[in-house]
Each structure stands twice: as structure tokens, then as C-alpha cells.
Amino acid sequence: MAGCGHGIAAIGRRVAALAGKGTELSVVVTPAAIAQGALCLISFAALVYLFAVTDLSVLLVANNSHIDKPLIFKLAGTWGNHEGSMLLWVTVLTFSGAAIALLEKRLDRRTIAATLMVQALLALGFFAFLLFSSNPFERLVPAPQSGAGLNPLLQDIGLAFHPPTLYFGYVGLSVAFSFAVGALLTGKVGPAFARAMRPWVLLAWIFLTIGITAGSYWAYYELGWGGWWFWDPVENASLLPWLAATALLHSVSVLATRDALRAWTVMLALVAFAMSMAGTFLVRSGILTSVHAFAVDPQRGAFILALLLFYVGGAFTLFALRIGTVAQGKTFRLLSREGAIVGNNILLSTILGIVLIGTLYPLLAEMFGDKVSVGPPYFNKATVPIALLLMLLLVFGPMLRWRRDEAGRVSRYMIAPVVAGLVAMLIAYLVGSAAGLFVLLSIGLAAALAVASFLPLFGRRLSRTPLTIWGMVIAHFGLAVTVLGMASEAGYSSERLAAMATGDSETVAGWTVKLKEVGPVVGDNWVAMEGLFEVSRNGKTDEMKPQSRTFFSPEQQRRRPPC
Amino acid sequence: MTGRWKLWLPLAILAFIGGLSLYGLTAPKDDFVRSQMIGQKLPAFQLPPATDGIEGLSSADFADGRPRLLNFFGSWCVPCKIEAPQLEALASAGVEIHGIALRDRPENVALFLKQYGNPFRRIGADADMRLQVQLGSSGFPRPM
């Protein structure tokens, strides 16, 4: 089975090589893309099967799985390691190539062929990476008895979803990249190109959002004990492509509907993919100290860096050489929907720049013999004001008309959001005035945006409102909820640290917490000491059961808060 | 259209980041984090006694500049119990050791000292771990 999977991956690579050969072969490109996707899928299915039956004669399974592991984590173990996750990446990459070949009908054939060739060229690099430096099907002779097991921190349902969703997002951005390079090659940067690219950007954005949320949730109760964002380099690595994808999602809409922002959209597509590869590079290379250090391997890091520089460098060169041939798109006034989206793009790009500089700064400092770590004080101070400006823009931006608009017309809609914002700020101030200006502003803007996000539905028949409008409304409202949560957490958290014995009770934020007993519990592949806490407030009582687990394989400890 | 050189800017930035990454990959990795506190003066503090019969601790007790061992511990901390015999041995070899009890109760500290011996000349109580953070210690037991 393992040999078969390896063989199939190797054939897939040949197909990719064939597909990448040149324009005269453009007839071959479509069937090749489909064959490649199918072969990769079989190859990945083989690996999942090997993990499901725990075939310990395969090195990867022996190193990362264990016979006693629950089935769900055996399956998740397939991508809970470097090789398996790279195979997943390549599989999704080729699969999306096949999807373009099959589904994309509107774009002209030459641009599709060019796009598929870029996609095949990307796949080729990753196939080489997979086969030469991270072969998931490598054999282990003799086969061990039980396997080393999966890091207990990773044996969690959050992890089952976090990497694959991020990968889907990264790959979605690679498709956007291929489209952008394809369009640069043929010079056809226009609405048709934007419409072809848009669903992929949207898909990528959705998966990145889910992936980051899943990771944050996992950190919240597994790693961070209540923290949900630490500005860790690898967290930033997932945020950077998200920021770029968010900007791209907006500019590609402008290009699709208004045929403006041509060069800018292409550039963003290139940057978004560059950021996603940089993310993979940072995770895999261990170049920066991070909580994701379990995946470190400098040699592989160098390989990814080489791929990154080759692809992105090539694309940037192409951009510099060819963008001049792309005609200027339609123009617009500053106060217009396009203008607001340009504002959105500039602010998002600024945040991206700030995060990128903060993430790479320790490396630069190290070059000059200094050791620093850049943390929340920098990132929060630098990004929060810009994020608030972005929120402000979001309150009225979606209400602006395309091309040109009058300030007077829009301001009529702004009464409700402004009132909501002021009321929310007043309430926040009364609850706790010590929270600080930025917390109050965030809460006010979040409330204003929560109201304003529904304004685009104003005057429409709800049953006939297009889904894209609903999508925008929900996403903007979601941002309002998120910012409200962040601001409240930042301004009004209370934390108490206490040493307690059985029978003791403590109070925190109006809750009474009583430690009733501590006792042992047993799970599938772990034993744990579990505390039983009774929490009560205003006559309502509940229980919390935090644990300290000891795993048998590998022998490791993990503590988990009550969930 | 703006100047043509601007079109090459993304490539220049990429090259810079690439070079930086390449340096990061090839430079010898030094994961040892030197404490920023080394060589600095002890901050002024005044801690009440952690238990009856043993004096509290203040920065004035270190004023003569002779080196001493300062140990953060807690009666509720298991590694501290394991560490106790070592401190005991150091104390009997003539090392002057002071203790700081973290988040502790006087009766528990007394019980701890009774069970595991008392290598400390003085013990201050740091009820909210403020001094511990000031001295740049993040865990315990922590001798410095």
C-alpha cells in the first residue's frame, strides 16, 4: 500500500512535469491537471488508510501514531506531521487545478491554459519537495511494535481541523496566484479574470478564517489557558495571508464589477500567495522561536525558501516587466465605493506591513548581534489605531455608490450607527472607565458597525437580496462581534491566581469557586488527576473539571482547563 | 503611471526578506536566553515574615554585597520538597541562604519547614508574587 501510494505520487509528478512544458502542449494541460488531481487523491487516501490501520512498517506512521490512539486522532495524525501535511497540501493544490480545468468556462482558453501551467509548475516544486526531502511513504525495517505516538497537545479536535483548513486557504491563494500570473502572461487583466479568480479568493478567505479561529480556539483551551492570540511568529504567519486575502477579496470585487484596480489586484494576489508560503516557511524552518516549534527542520525550511524565492521572485519580475502592458482600468472619485475599498486595501496593507516587520525584526536584530522578541506591546500599539480607522471606514463604506457619491446622501444613513456607537461607549464607560480610550473607542465602533453592517439590506426585498450582499452583511457584522469581544476581553478581564486545598473557596468577578475534591480518572491512552470545582453566582451553580493528564505514548504531560 | 523603479520594489523587498531568512537559516542557532537581570542591582523591598519565629526579608539584608543564595519556594510546591535536601546540604556547608515564600500561609510554611528542614536564615512572604516578577523569575523553586 505504501509503495503504491509513493508510486502514484511519483507518477503524479511526471504528469505535472509534462503539464508544465509549454504553450504548444496546452491541449494536454487540462486532462493532465485532472489526472494529476486524481492520482494525488489516491495517494493521500493511501496514507490515510495506512494511518487508520496503523501500518508501523511505514516510518511516518511509526513516528507519529500509536496502536492505542483513538481512531479520530489516528486519522488526524495523517496531517499532524510534516510529510503528511505536505501531501495534503499537494493533493489540494492539484485537486484545485483539476477543478479549474473542469469548471472554469468563462475565461478565455489561453489564460486558462497559462493559469493551469503555473499551477502545474507550483505542483512540480512541491512534488519535488515531497519526494526528495519529505517522502511520507518511507519504509521502516524492522517495523516496531507500537509506534511513538502523537504529541498529546496535538491530540485534540481543534487540531483535527486547524491545519487542513489553513492549507485549503493557502492553496486557494495559490490558485489566485496562478490566475494572476496566467493573466500577466496573456495580458488579459480584466473583469473576466477577476470573476474567475474571485470564488477561489473567497474560498481561501473562508478557510483561512476558519483555520485561524480553530487554531485560536485550540490555543485558548489547550495551550494558552485562556489566551487566544499571542502575536507568536507563526500566528502572525497565518494572519499575514489572511490580511492579504481580505484586501484581495475586496479589490477583486472592484475589478469584477467596475474594471478598476487592475495592477493592484494582481499585485495583491501575488503578495497573498507569497505570505502563505512565508507562513509555511516560518512554521517549517524554525527560523523564529515559536510555539509551533514541534515542526522544525532547517533543511526543509531551506527547500521551501528556495521554492518561495523562485515562484514569488519570478512572479514579481514578471509583474515589473509586464504590468506596463496592462491598460489602466476605469477611474473613480475618492468618495465612492471604489475609494472606500482602496482605503480598506491601504489600511489592511499597512497592518500587514506592521505585522511583517514585527515578525521579522528579531531576525534582523539577531543579524546585528542583538536578541529581542517583539510582542503584544508593539503589535497592539501599532495595529489597533489602524484597525479602528478600518472599522470607521466600514461603517459607511458599503453604503457608498460606485464611481462617485455625495457625502450628504450617505450621512443620512449614519444616524443610527452613530447613536448606537455613542450609547455603547457610554455604557462601556459606566461599566468601567479605567478600561482606557482604545477599549471605549473599539466598543463604540463595534456597536456602530454592528448596526451599520445591516444598512446594505435597507430598502431591499430580503427574499430577493443576492447572496453576495448577505455574505458581506454577515462578515461585517461578524467583525463587529469579534472586535466587541476583543475589546471587552482587553478592558474588563479579571484574573486571580490562588493556591487552594480541598474545601477552599475563592471569589473572582462575582463567582464563587470551591474546590470540592481531587481524584484520578482514566481515558483511552491517558490517566489524569481531575479537580472538581463548584462555581456559583446568584444562586446558579455549575461544575468545572480541569485535568492534568499523563499520556502513555509518548510519555508526556498535558494540562487542560475545564471545558 | 508612477516611476518604473517602483515596479521593482516588491522584488527588492522579497530579496531583502529572502536574504534575511537565508541568514537566519545558516547562522548558528543560539537558543540560550541571557537574563536581562544579570549584573543589575537588587530592587528595594521589604517583606514581612512568612511564619512565626523567623525574621522577614528586606533588600537591606543584602546591602553588604556578599554573595548569597536567594530561593523562591512555596509549601504547596512539590519540586520544592524534592529540592529541600540539596539546600540543606548547602546550608550545612556554610552557604547563607534566604527564602521567599510565595502565596503561602504562615502555618503551612511552619509545617513545611518542620517536615523538610529549614536551610533559611530569613524568610520573607511574597503574597502576590510581585517581588518574584520584579526579580525576573518566572518559575519556582528558583534559587538565585
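Two residues are taken to be in contact if their C-beta atoms, placed from the backbone, lie within 7 Å. With that in hand, the predicted model can be explored, starting where its two chains meet. Here, 20 residues of chain A are in contact with 15 residues of chain B. On the side of chain A that touches chain B, three helices each supply at least two residues: α10 (262-285), α11 (298-322) and α12 (337-367). The largest share comes from α11(A), with 11 residues. Sorted by class, the residues on this side of chain A are 16 nonpolar and 4 polar, with no charged ones.

The axes of α11(A) and of helix α1 (residues 9-26) of chain B come within 10 Å and cross at roughly 170°. Since angles over 145 degrees count as roughly antiparallel, α11(A) is therefore roughly antiparallel to α1(B). On the α11(A) side, the residues making this contact include A:L305, A:L309, A:V312 and A:F316. Their counterparts on α1(B) include B:L11, B:L14, B:L22 and B:L25. Glycines take part too, among them A:G301 and A:G313 of α11(A) and B:G18 of α1(B). In this helix pair, the contact has 13 nonpolar and 5 polar residues, and again no charged ones.

Now for chain A as a whole. Its secondary structure comes to 17 helices and 6 strands, and 44% of its 563 residues count as buried. Among contacts in chain A between residues at least 6 apart in sequence, 73% join residues at least 24 apart.

Helix α16 (residues 437-452) of chain A has 16 residues, so at 1.5 Å a residue it should span 22 Å. The C-alpha atoms at its ends are 22 Å apart, which agrees with that expectation.

Finally, a single residue can be viewed up close. A:L60 lies in helix α3 (residues 59-64) of chain A. Is A:L60 buried or exposed? With 26 other C-beta atoms within 10 Å, where 20 or more are needed, A:L60 is buried. Leaving aside neighbours within four places in sequence, A:L60 is in contact with A:N81, A:E83, A:G84, A:P136 and A:E138. A:V395, on the other hand, is 335 residues from A:L60 in sequence and 50 Å from A:L60 in space, C-alpha to C-alpha.

How values were computed:
Residues numbered from 1 in each chain as written. Chains lettered and ligands numbered in written order. Predicted model: local features only at pLDDT ≥ 70, side-chain atom pairs only at ≥ 80, totals over all residues. Helix = DSSP H or I, 4+ residues; strand = E, 2+ residues; numbered from the N terminus. Expected span 1.5 Å × (residues − 1). Nonpolar A, V, L, I, M, F, W, Y, C, P; charged D, E, K, R; others polar. Buried ≥ 20, exposed ≤ 12 C-beta atoms within 10 Å, placed from the backbone. Axes fitted to C-alpha atoms, helices over the stretch in contact; angles between N-to-C directions. Parallel < 35°, antiparallel > 145°, perpendicular 65-115°, else oblique.
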